[in-house]
Amino acid sequence: MTSENPRNGAVHEAAAAGIPVALADLGALVRIPSIAWPAFDQDALVRSAEAIAALAEGIGIFDSVEITRSAVPGTDEMGQPAILATRAARNGAPTVLLYAHHDVQPPGDDALWETPPFEPTVRDGRLYGRGAADDKAGVMAHIAALRAIHEVYGDDLALGIALFIEGEEEYGSRSFAQFLSDHRDQLRSDVIVVADSGNWDAVTPALTVSLRGNARFTLTVRTLEHASHSGMFGGAVPDATTAAIKLLATLWDDDGAVAVEGLAERDASTPAYTEETLRSEAGLPAGVTPIGRGTILSRIWNKPSVTVTGIDATSVAAASNTLAPEISVVVSARVAPGQSASEAYAAIEDHLRRHAPFGAELTFSDIDLGDGFLVDTEGWAVEVARTSLATGYGVDPVDVGVGGSIPFIADLVEQFPGAQILVTGVEDPHSRAHSPNESLHLDTFRHAVLAEASLLESLNERR
């Protein structure tokens, strides 16, 4: 059973009043360069975890707050520090698991940032900084909503809560599955809220109901035992760069659509979305045409994509008249919802082996696979979430697919098959997550906090 607005809007008011403090706390978190890549300062991740644990302790709602790590399967390494805070449910109330991550992407070239990446800066209604949107805003949306619900309910709060803030999502969630296994009893819940997605636009909330999977790997193309003079042997001996270019070009047809046999597409309708909107949100110049076929959102949500995201080759500055013997590229594929990542990877590897030009030798390494996700939209928690989003934003939510991947959701489904998973977020299409000048739309953050506070209140009243 549920009851509507049992505290007459007090939670909503408390959440709204807490926004300035939440934004100040978010700014403090953004200042910590919590990057999980080993090449960066790992002490920053510890400082970030300690800061979030202190915020969780300060709410006064949890029975236990700890910073903990789990082993990375197949290695002798430990994962990055995660925060786990829990309280037991009372009086027959459900338990909710609130997930976000405190690690961030590397900033890239600092020269491309208008302001320093780890110096939070507000301009034009947005907070700029690495992690301001992805996903420290998700962390603070949880903290701010919990503060509001505790302020109003105090000791009367019956809702069970597990707050799980991961420390290596941007680095592949290497210890995630082991963490779930190690803390299964503490994390077991009826509803899981993953605050790591986005909204339809800056004013319209969204509930993510589908995610593409991912298949990422390094491909090395080798054609020579050693480098050779391009004048002495060019024209008779294939260089690895030419072979790699010819091979990679076979992955797409002339429209830019993926041309790999065995990659599936999902047949599902998509909302109206114009090329003009795509150009604005993606930064597509007027002279560059979109790629693929079908509706634009079907290409992003329901079809596979293949992208070359990195190349190891001789730089322009160091170029000489030499036939390169070997070249390596990183290939990142997105897999349509409903197809397993392993099946998709096998199709891509088979395609590349069959199309290798000049008998080039191919090596595949650093393979990273993650399955997509389709939400069961018939569950009661989905309706509660939609109502809460409408309450928080003042606008009815839209069900959306997302072209990106959150592979660990498959681990959540495996460990907690009975839980209902809600994928929400605080980003809007102009957040530029993973890119220079990442930012958070401040009004979107405010509405996201109000929506999550409403969701927690509704869950608290359910028996």
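## Ground rules

Because the model is predicted, local features need a pLDDT of at least 70 and side-chain atom pairs count only at pLDDT 80 or more, while totals for chains, interfaces and linings use all residues. Residues are numbered from 1 along each chain as its sequence is written, and side-chain values use heavy atoms, with hydrogens and water left out.

## Helix 8 and its buried face

Let's start with helix 8, which covers residues 240-249. Helices here are DSSP runs of H or I with at least four residues, strands are runs of E with at least two, and both are numbered from the N terminus. Ala-240, Ala-243, Ala-244, Leu-247 and Leu-248 of this helix are buried (under 20% relative accessible area; exposed is over 50%, and partly exposed is in between, using a 1.4 Å probe and protein chains only). Looking down the helix axis, these buried residues fall within an arc of 125°, so they line one face of helix 8. That arc is taken from the directions from the helix axis to the C-beta atoms.

What do the buried residues of helix 8 pack against? Their partners are strand 9 (213-222), strand 11 (305-312), strand 13 (326-335), helix 11 (341-354) and strand 14 (361-370), where contact means heavy atoms within 4.5 Å. At the start of helix 8, Asp-239 brings a side-chain oxygen to within 3.2 Å of the backbone nitrogen of Thr-241.

## Salt bridges

Side chains of opposite charge can pair when their charged atoms come close. A search of the whole structure turns up 18 salt bridges, each being a side-chain nitrogen of Lys or Arg within 4 Å of a carboxyl oxygen of Asp or Glu. One of them joins Arg-123 to Glu-114, with the closest N and O atoms 3.1 Å apart. Glu-114 counts as exposed, at 61% relative accessibility.

Arg-293 and Asp-253 also pair up, at 2.8 Å from N to O. This pair links distant parts of the chain, 40 residues apart: Arg-293 sits in the loop between helix 9 (275-282) and helix 10 (296-301), and Asp-253 in the loop between helix 8 and helix 9. Arg-293 is partly exposed at 39%, and Asp-253 is partly exposed at 26%.

## A bridge between strand 16 and helix 12

Asp-399 meets Arg-386 in a salt bridge of 2.5 Å, N to O. Asp-399 lies in strand 16 (residues 398-402) and Arg-386 in helix 12 (residues 380-393), so the bridge ties together parts 13 residues apart in sequence.

Notes: A polar contact is a pair of N or O atoms within 3.5 Å; within protein, one must be able to donate a hydrogen and the other to accept it, and residues adjacent in sequence count only if both atoms are side-chain atoms.
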